[in-house]
Amino acid sequence: MAITKKQSTDLSGVPTKSKISRGGLAKQVFEYAPAPESIDHVKIQPRYGLFIGGRMVEPHSKKRFPTINPATESKLAEVVDADEVDVDRAVKAADKAFDSWARLSPSRRAHYLFRISRLLQERSRELAVVETMDGGKPIKESRDVDIPLSAAHFFYYAGWADKLEWAFPNRKPRPLGVAGQVIPWNFPLLMLAWKIAPALAAGNTVVLKPAETTPLSAMVFAEICMQAELPPGVVNIVTGAGKTGSLVVSHPDVKKVAFTGSTEVGKSIQRAIAGSGKRLTLELGGKAANIVFDDAPLDQAVEGIVNGIYFNQGHVCCAGSRLLVQESIAEPLLEKLKRRLSTLRLGDPLDKNTDIGAINSRAQLEKIQGLVESGIEEGAELYQPECVLPARGFWFPPSLFTNVSQSYRIAREEIFGPVLSVLTFRTPNEAVEKANNTPYGLSAGVWTDKGSRILWMAERMRAGVVWANTFNRFDPSSPFGGYKESGFGREGGVHGLLPYLQLN
Ligand code: NDP
């Protein structure tokens with residue numbers, strides 16, 4: 001078993017009330033020996049500077065903050081809390097590099113992107129460990145999803161760099177200038193790739209700010225830019241908290257802003273840059289419906305539900321956090337789902353057998369606990385499998401709520417944790433109505449045997465992505481983005497180039 005230490009307090013960290021049932025549906029049969037990923041090959045430096053003008057530089061700001069491993073609460077490194085002068089230097093470096101990068105032959109730009117992609121692949125074991133230690137996600141996810149997909153994004157956009165005129169026929173695509181990019185902590189390297197790869201392929205230069213709790217893979221990426229001999233200033237990385245992010249997006253020489261994160265911060269950025277002429281794309285929160293019809297293959301659907309909400313501890317903007325199940329199959333489906341939950345292994349994220357890693361930060365854990373408490377208080381029934389949480393670090397067991405009304409906070413707000421809200425429906429129309437009854441519109445899932453029903457549902461759901469008989473599938477060639485409070489603009493595919501181009 002991956003879990004060895006017992007936590008002295010209540011298992012879930014939420015008050016034990018009568019409406020909580022703890023699973024005992026299926027006892028775990030197998031004992032797994034620990035299978036920790038080696039960390040010997042990874043060299044995390046004790047302190048990092050800022051990546052400006054093609055090299056790591058000493059900052060103007062004297063402030064630094066630690067980045068910790070959320071699974072152990074131990075300090076990994078110190079990073080800079082970049083100030084106004086640092087951000088200005090980064091933007092000036094990007095601005096200076098812009099002319100020559102934009103004029104470089106597109107096939108040369110493609111060479112650099114291919115090179116970065118190859119280096120990401122070469123350093124994938126190191127990057128997977130860094131991502132897992134800094135963010136808390138299971139190593140099997142960073143190894144099999146985050147890092148390969150990041151490399152694939154650079155590879156994909158390298159292919160577009162010299163084909164922009166074919167992508168937008170009869171138009172003259174031109175880059176915009178310096179792109180200011182702010183990314184969150186749930187997929188640090190992958191979000192970096194989603195932002196930097198299309199910007200560079202289109203001929204822009206960038207200043208990127210990673211999230212406060214997960215800056216380390218961006219620091220390794222800075223080393224990769226140097227290894228690839230990317231021209232100085234094409235990519236600049238400044239670390240810091242929200243203030244640094246706001247300095248990046250509001251800098252007058254930034255021509256394009258790309259943000260992924262919470263709806264609240266997205267709206268504040270939109271307000272801050274209104275009227276400035278900056279181009280903006282926002283990829284914000286979600287509250288996706290994962291809809292299971294009575295003709296769906298139930299075992300397959302259970303795997304899709306688990307992948308939909310417990311992948312990356314539910315720290316996923318497109319997570320299938322609302323399960324809508326057809327009333328006639330609710331009972332057998334929930335029984336199967338509860339049994340499957342009891343087999344999920346929570347513990348050391350570096351262990352290759354771990355399914356559920358650590359919650360990214362104490363603040364996020366408290367947010368999850370608060371919303372789960374609200375669910376219990378509003379009258380929903382909480383189910384958690386028997387699960388022992390490690391003594392140190394930030395943990396939350398896989399959880400599901402039944403008896404959920406659409407008005408409850410757990411059915412409306414983004415929990416961003418391993419917590420599923422289960423609702424039922426009788427007819428396809430009711431399913432559509434409930435699925436769309438949310439301020440968000442990022443993704444949705446449909447599970448049914450009938451192709452025609454999939455198309456009927458997809459047409460009616462206000463969601464940027466609709467997965468059919470699967471969930472959380474990503475490909476660089478496929479556009480991703482939201483409706484309503486989930487933001488606007490698309491990332492991925494040929495659509496992902498558009499926000500970085502002026503089409504004359
Ligand atoms: P934020 O939106 O605060 O953070 C996203 C990024 O924006 C981070 O790099 C953050 O810096 C930066 N930032 C914060 N404030 C500003 C600002 N005023 N101007 C510019 N940049 C800013 O998300 P949180 O980390 O606070 O998470 C809160 C909630 O947001 C989560 O619980 C979840 O519901 C949602 N979320 C959604 C994501 C998605 O993919 N849709 C991703 C992450 C969170 P810093 O890290 O230093 O705060």
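## Rings, helices and loops in a predicted model

Phe 474 is partly exposed, with a relative accessible area of 27%; buried means under 20% relative accessible area, exposed over 50%, and partly exposed in between, with a 1.4 Å probe and protein chains only. The structure here is a predicted model, in which local features need pLDDT of at least 70, side-chain atom pairs count only at pLDDT 80 or more, and totals for chains, interfaces and linings use all residues. Residues are numbered from 1 along each chain as its sequence is written, and side-chain values use heavy atoms, with hydrogens and water left out.

Let us stay with Phe 474 and look at its ring. Phe 474 forms an aromatic pair with Trp 467, a residue that is buried at a relative accessible area of 7%. How are the two rings of Trp 467 and Phe 474 arranged? They are edge-to-face, 5.8 Å centre to centre, with 80° between the planes. (Rings of Phe, Tyr and Trp, the last by its six-membered ring, pair if their centres lie within 6.5 Å; planes under 30 degrees apart count as stacked, over 60 as edge-to-face and the rest as tilted.) Both residues belong to one aromatic cluster, together with Trp 194, Phe 471 and Phe 480. In total, the structure holds 12 aromatic pairs.

The charged end of Lys 256 sits over the ring of Tyr 500, 5.0 Å from its centre, where "over" asks for NZ of Lys or CZ of Arg within 6 Å of the ring centre and within 35 degrees of the ring normal. Arg 453 likewise places its charged end over a ring, that of Phe 293, at 4.5 Å from the centre.

Arg 453 leads us on to a helix pair, as this residue is part of α15 and takes part in the meeting with α14. Helices α14 (residues 428-436) and α15 (residues 451-460) pack at an angle of about 35°, and their axes are 10 Å apart. Here axes are lines fitted to C-alpha atoms, for helices over the stretch in contact, and angles run from 0 to 180 degrees between N-to-C directions; helices (H or I, at least four residues) and strands (E, at least two) are DSSP runs numbered from the N terminus. Is the crossing of α14 and α15 left-handed or right-handed? It is right-handed, a label given if the near helix is turned clockwise from the far one by less than a right angle, with anticlockwise for left-handed. On the α14 side, Pro 428, Asn 429, Ala 431, Val 432 and Asn 436 take part; from α15 come Arg 453, Trp 456, Met 457 and Arg 460. Sorted by type, the residues of this contact are five nonpolar, two polar and two charged.

Most residues other than glycine have a negative phi. Glu 73, however, has a positive phi of about 65°; it lies in the loop between β4 (64-68) and β5 (75-80) and is partly exposed at 25%. Asn 312 has a positive phi of about 55°. The loop that holds Asn 312 runs between α10 (298-310) and β13 (322-326), and the residue is buried, with a relative accessible area of 2%.

| Residue pair | Apart in sequence | C-alpha to C-alpha |
|---|---|---|
| Gly 177 and Ala 202 | 25 residues | 9.9 Å |
| Arg 115 and Ile 224 | 109 residues | 9.2 Å |
| Leu 498 and Thr 67 | 431 residues | 35 Å |

Gly 177 is in the loop between β6 (173-175) and β7 (178-182) and counts as buried at 5%. Leaving aside neighbours within four places in sequence, Gly 177 contacts Phe 98, Asn 204, Thr 205 and Lys 255, contact being heavy atoms within 4.5 Å. Arg 115 belongs to helix α2 (residues 106-122) and is partly exposed at 34% relative accessibility. Not counting residues up to four places away in sequence, Arg 115 touches Ala 228 and Glu 229. Leu 498, in the loop between β19 (487-488) and β20 (501-503), is partly exposed at 38%. With neighbours within four places set aside, Leu 498 is in contact with Phe 168, Arg 279 and Leu 503.

Technical notes:
Ala, Val, Leu, Ile, Met, Phe, Trp, Tyr, Cys and Pro count as nonpolar, Asp, Glu, Lys and Arg as charged, and the others, Gly among them, as polar.
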